[in-house]
Amino acid sequence: MVVIDPVNMQNVVTRAPEVARVQRVQEGALSAQGQVFAQELARQAQQVEETVASPPQAQRSELREKRKKEREKGTKTKVPSSWEAEAQTSGSREVSGELGHLIDTTA
């Protein structure tokens with residue numbers, strides 16, 4: 001059993017508000033650090049999102065939209081040559097009437 005002196009008990013009682021204040025400040029600092037970390041994380045995620053190139057499908061859909069608008073206006077859009085080559089190779093593939101996935105067994 002622990003016995004507390006009256007003098008020690010008096011110190012505990014008088015310092016309790018100070019201890020509570022210090023704890024609130026520490027909790028506030030942790031909360032502020034968490035908010036700063038979350039903001040920095042969001043900023044970095046936004047930066048990565050802006051620097052990552054859009055996938056080819058998104059570019060193709062943008063091109064389709066652009067072509068559609070230009071058809072309405074009567075102008076023509078230039079297609080990148082890499083897309084033309086890809087379209088020619090994908091169009092020359094033979095597709096059977098079977099359902100399912102095509103698996104390349106030549107490799």
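This is a chat about the predicted model shown above.

User: What does the secondary structure come to?

Analyst: The protein has three helices and zero strands, so DSSP runs are what count here: H or I of at least four residues for helices, E of at least two for strands, numbered from the N terminus. Along the sequence the pattern reads α-α-α.

User: Before we go on, what should I know about the model?

Analyst: It's predicted, so local features need pLDDT of at least 70 and side-chain atom pairs count only at pLDDT 80 or more, while totals for chains, interfaces and linings use all residues. Residues are numbered from 1 along each chain as its sequence is written, and side-chain values use heavy atoms, leaving out hydrogens and water.

User: How far apart are the end C-alpha atoms of helix 1?

Analyst: They are 67 Å apart, which agrees with the 68 Å that its 46 residues should span at 1.5 Å a residue. The expected span is 1.5 Å times one less than the number of residues.

User: Where's the kink in helix 1?

Analyst: At arginine 15, shortly before proline 17, and the kink is about 45 degrees. That bend is the angle between axes fitted to the seven residues ending there and the seven starting there.

User: New topic: which side chains meet in a salt bridge?

Analyst: Glutamate 40 and arginine 43, at 2.5 Å, N to O. The rule wants a side-chain nitrogen of Lys or Arg within 4 Å of a carboxyl oxygen of Asp or Glu, and the count comes to one. Both residues lie in helix 1, three residues apart, about one turn.
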